[in-house]
Amino acid sequence: MSAVPFRSKDLLEAWLDEFTASGAGGGGVAYVADQEPLNGADSGLVIFPLVNATTSVYLAPVAVGVPDWRVTIEAQPEVTELSPSAVYDLCRELSYAADLCAFLQVKSVAHMAQLAEDA
């Protein structure tokens, strides 16, 4: 398999809509990044903005041809000081990001199995 079919922006947006409609996202607003295709394939980068931190979180497939996904938390540009309540809110946001990452991985596994079955 030379290109990973589950990295297309349209398919990922449909999966995000499905995840959001399920209520699993807890109100988090993730979106598929607009990026230049790499070697003719979309990158599959999903941004998950955090309200309670100054860092960026994104989700992406591990590698071409692999259905596994990872959450990446970028280094913060500055120190973040939070009240206990805000820390709980941040923990909920990170939990939603983890749920979305797991959802995308399950969808990718199923999608790749369907492609193999159809081949």
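The protein contains an open sheet of 4 strands in the order S1-S2-S3-S4, with antiparallel pairing; two strands are said to pair if DSSP finds at least two bridges between them. Strand S1 (31-32) and strand S4 (69-73) stand at the edges, and each has a single partner strand, so one side of each is left without a neighbour in the sheet. The model is a predicted one, in which local features need pLDDT of at least 70 and side-chain atom pairs count only at pLDDT 80 or more, whereas totals for chains, interfaces and linings use all residues. Residues are numbered from 1 along each chain as its sequence is written, and side-chain values use heavy atoms, with hydrogens and water left out.

The protein has 2 helices and 4 strands, arranged along the sequence in the pattern α-β-β-β-β-α. Helices (H or I, at least four residues) and strands (E, at least two) are DSSP runs, numbered from the N terminus. Of the contacts in the protein with a separation of 6 or more, 55% are accounted for by residues 24 or more positions apart; contact here means heavy atoms within 4.5 Å.

The pairing within the sheet can be traced residue by residue. Strand S2 (residues 46-47) pairs with strand S3 (residues 57-61) in the antiparallel sense over 2 bridges. Val46 stands opposite Leu59 in S3, and the bridge partner of Ile47 in S3 is Tyr58. On to the next strand, S3 and S4 pair in the antiparallel sense over 5 bridges, and Val57 has Ile73 in S4 as its bridge partner. S3 is mostly covered, with 4 of its 5 residues buried. Buried means under 20% relative accessible area, exposed over 50%, and partly exposed in between (1.4 Å probe, protein chains only).

H2 has 35 residues and reaches 51 Å from its first C-alpha to its last, close to the 51 Å expected at 1.5 Å a residue; the expected span is 1.5 Å times one less than the number of residues in the helix. Its buried residues are Ala86, Leu90, Glu93, Ala97, Leu100, Cys101, Phe103, Leu104, Ser108 and Met112. The cover over these residues of H2 includes H1, S2, S3 and S4.

The interior is described next. In soluble globular proteins, nonpolar side chains tend to be buried together. The largest nonpolar core has 19 residues, and those with the most contacts inside it are Leu12, Val46, Phe48, Leu59, Trp69, Leu100 and Leu104. Such a core is a set of buried Ala, Val, Leu, Ile, Met, Phe, Trp, Tyr and Cys residues joined through side-chain atoms within 4.5 Å. The elements that give two or more residues to this core are helix H1 (9-21), S3 and H2. H2 supplies the largest share of the core, 6 residues.

Leu104 illustrates how these elements meet. This residue is found in helix H2 and counts as buried because its relative accessibility is 0%. Leaving aside residues up to four places away in sequence, Leu104 touches Leu12, Trp15, Val46, Leu59 and Trp69. Leu104 and Ala60 are 44 residues apart in sequence and 9.1 Å apart in space, C-alpha to C-alpha.

Two other residues have a different setting. Val87 also lies in helix H2, but it counts as partly exposed because its relative accessibility is 35%. The C-alpha atoms of Val87 and Ala53, 34 residues apart along the chain, are separated by 9.3 Å. Ala24 has its place in the loop between H1 and S1 and, at 33% relative accessibility, counts as partly exposed. Not counting residues up to four places away in sequence, Ala24 touches Phe19, Tyr96 and Asp99. Ala24 and Asp99 are 75 residues apart in sequence, yet 7.4 Å apart in space, C-alpha to C-alpha.

For the protein as a whole, 32% of the 119 residues count as buried. The accessible surface comes to about 7,000 Å², of which 55% belongs to carbon and sulfur atoms. Accessible areas come from the Shrake-Rupley method with a 1.4 Å probe, and for residues only the protein chains shown count as cover.
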